[in-house]
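Please work through the exercises below with the sequence and the model open side by side.

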Amino acid sequence: MSRSLLSACLSVSLLVPAIAQAVDRPKQLVIISFDGAHDNALWLKSREMAAKNGAHFTYFLSCTFLMNEAAKKAYQAPHQKRGKSNVGFAQSDDEIRERLGNIWHAHLEGHDISSHACGHFDGRLWSEADWSAEYATFHETLENAWKSVALQEPAGWQDLVDHGIKGFRAPYLAATAGADMIAAEKKAGFTYDASLVTKGPAMPVEEDGIIRFGLPLIPEGPNEKPIIGMDYNLFVRHSKGEEDTADSAEFEDRAYAAFKEAFDKQYAGARIPLQLGFHFVEMNGGAYWRALDKLVSDVCHRTDVACVSYSEAIPMIEARGKLQTSGL
């Protein structure tokens, strides 16, 4: 064998393991979610962002934003006064009509419509019965949403309400310790929960039939101090929870750097799904939404990246055999 042919054969043999490893590597999953899902302008903005980049998002809806004045007076969360909500209610029937259109079209576009309960209360001390009552209110509110504002509901809406809303995130990420919330979730027909916080990106775990996800702590800022990968937590760190538009560009750069560093670490490493959470509020002049848009535009087009909803992520994770049954 000639020296040149031998060199070529050796080069190919060295490349084969690397090629095989690249082919076998799973896609990097990026799971973006929004809590509240109320402001109609941000419904449109997020849907356009997703469509532009081939992404699917998860929307954790607070059901008081589908309650008109009559429903507001009737709503009573566990251990709360009637007509109280920590996040308010819809301001008009027209606002509800527009919101329903956004929810329905987001569903048709492949996004996840999920539950954030109703009045955004801290349920850490709630019983199974308390959670079940709030879940029942959520279901009833969506079930009657179109007729409550004198609209003809689209064919398929009831199927979405009865069978298509599979996920839940507790307000304030305040999950009940123990089995009560999980038991209520199962009875309500949920299959996944996204209320936990993990030390870093982590695979979900299955607990009594519910697949549990956690928003990760990610390094951020000059000292790379860990922070929950969520816009509100960045807002509190950057400006102590007070709106600061003057430094909006700096906050955007810091947020994007944190998001991208967390992505790059997984992309180059174990490819654990990266979860990031946002709200339908453009804090600090929209800094965190701009950072999100930049990240999604950068990574979601890659052939080995999938920007997916929680529902889409679950079978992809299960196919990897990475779903665990132990606690996080």
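Two exercises with worked solutions follow.

The model is predicted, so local features need pLDDT of at least 70 and side-chain atom pairs count only at pLDDT 80 or more, while totals for chains, interfaces and linings use all residues. Residues are numbered from 1 along each chain as its sequence is written, and side-chain values use heavy atoms, with hydrogens and water left out.

**Exercise 1.** Determine how strand β9 is placed and which way its residues point.

Step 1. Strand β1 (residues 28-36) runs parallel to β9 and is joined to it by six bridges, with Ile31 standing opposite Gln275.

**Exercise 2.** Characterise the aromatic pair of Tyr135 and Phe190.

Step 1. Ring centres of Phe, Tyr and Trp (its six-membered ring) must lie within 6.5 Å, and planes over 60 degrees apart count as edge-to-face; Tyr135 and Phe190 are edge-to-face, at 5.1 Å centre to centre and 85 degrees between the planes.

Step 2. Tyr135 lies in helix α5 (residues 128-143) and Phe190 in the loop between α8 and β5, so the pair ties together parts that are 55 residues apart in sequence.

Step 3. Tyr135 counts as buried at 5% relative accessibility, and Phe190 counts as buried at 8%.

Definitions and conventions
Buried < 20%, exposed > 50% of the residue type's maximum accessible area, 1.4 Å probe, protein only. Helix = DSSP H or I, 4+ residues; strand = E, 2+ residues; numbered from the N terminus. Pairing = 2+ DSSP bridges. Phe/Tyr/Trp six-rings, centres within 6.5 Å; stacked < 30°, edge-to-face > 60°.
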